[in-house]
Amino acid sequence: YRFSEQDLNKYRRWKQQAIDHSKKTGEVVLIINKSTYELDVYQKGQFQKKFPIELGKNNYDDKKIQGDNTTPEGFYKIRKVKDINNTHFYRAAELDYPNKQDIAEFHRLKKTGAIPKNATIGGDINIHGKGSGISPLQGGSNWTQGCAALSNEDMDKLFQYLKQETQVLIIKYDSPIISIIPPDSKTVIKHLKYLTKSIDQSIFK
């Protein structure tokens, strides 16, 4: 992952906003952390459950175009809940990707030439079953085209929390210690400096 303190602060802010929303409304919020391969369930602002997930084959980037095999990042809502026999992936919750923010970013990237002129934005991003139930950090694999996959057993447990309009937040990381540190020495040093600074601040508060 390309770690940055600015992104870390952004992801932490997003996470707190999602939890605050759950606390204020009493509603369920799902938070997906791409670096830890976990889906957390919050209700009334309180943590409820954690599930291991598998993600898109390219788990390092934010989704930009169709076919990049990347899981998008940001705030989404469940557009449709699909029960058994209504999806090829056991049970599923379809997200509202692309949303307005995704579309605006897509047009900006196309205008600047950062993506091909003939690129399309993609869609059909789901939280679904047929996963191994094993985190890629423990032997699972990232095999989807951008979706988050749970085991069928875990999907059954999650299904009770799913309904149309449920908020889903997807972040890359929320800690300076992330699961996979890139082999770039400058990035590694940046991680260590930030971690040291965080520890110093907590000790001398």
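# Notebook: a predicted model, looked up element by element

**Entry 1: Ser-135.** I began with Ser-135, which sits in the loop between β6 and β7; helices (H or I, at least four residues) and strands (E, at least two) are DSSP runs, numbered from the N terminus. I noted that the model is a predicted one, in which local features need pLDDT of at least 70, side-chain atom pairs count only at pLDDT 80 or more, and totals for chains, interfaces and linings use all residues. Residue numbers run from 1 along each chain as its sequence is written, and side-chain values use heavy atoms, with hydrogens and water left out.

Is Ser-135 buried or exposed? I found Ser-135 buried, at 10% relative accessibility; buried means under 20% relative accessible area, exposed over 50%, and partly exposed in between (1.4 Å probe, protein chains only). Leaving aside residues up to four places away in sequence, Ser-135 touches Thr-36, Tyr-37, Pro-52, Ile-53 and Gly-140, where a contact means heavy atoms within 4.5 Å.

**Entry 2: the sheet.** I then traced an open sheet of 8 strands with mixed pairing, in the order β3-β2-β1-β8-β4-β5-β6-β7. Two strands pair if DSSP finds at least two bridges between them. Which strands stand at the edges? They are β3 (46-52) and β7 (148-149); each has a single partner strand, so one side of each is left without a neighbour in the sheet.

I looked next at β1 (residues 28-33) and β8 (residues 167-171), which pair in the parallel sense over 5 bridges. Ile-32 has Ile-170 in β8 as its bridge partner. Strands of a sheet pair through backbone hydrogen bonds, either parallel or antiparallel.

**Entry 3: the helix across the sheet.** Helix α3 (residues 152-159) lies across β1, β2 (38-43), β3, β4 (74-82), β5 (92-95) and β6 (126-128). I recorded that α3 runs at about 160° to β3; axes are lines fitted to C-alpha atoms, for helices over the stretch in contact, and angles run from 0 to 180 degrees between N-to-C directions.

**Entry 4: salt bridges.** How many salt bridges are there? I have 15 salt bridges on record, each being a side-chain nitrogen of Lys or Arg within 4 Å of a carboxyl oxygen of Asp or Glu. I examined several of them in turn.

- In helix α1 (residues 5-25), Lys-10 and Asp-7 lie 3 residues apart, about one turn of the helix, and their side chains meet at 3.8 Å, N to O. Lys-10 is partly exposed at 24%, and Asp-7 is partly exposed at 24%.
- Lys-63 bridges to Asp-68, with the closest N and O atoms 2.8 Å apart. Lys-63 is buried at 8% relative accessibility, and Asp-68 is buried at 18%.
- In helix α2 (residues 100-112), Arg-108 and Glu-105 are 3 residues apart, about one turn of the helix, and form a salt bridge at 2.8 Å, N to O. Arg-108 is partly exposed at 42%, as is Glu-105 at 34%.

I also noted one network, in which salt bridges that share partners join Arg-79, Lys-82, Glu-94 and Asp-124.

**Entry 5: confidence.** The chain averages 88, and 85% of the residues score at least 70. Over residues 181-192 the pLDDT stays under 50, and the model has 13 contacts for them beyond four places in sequence.

How values were computed
pLDDT is the predictor's confidence in each residue, from 0 to 100.
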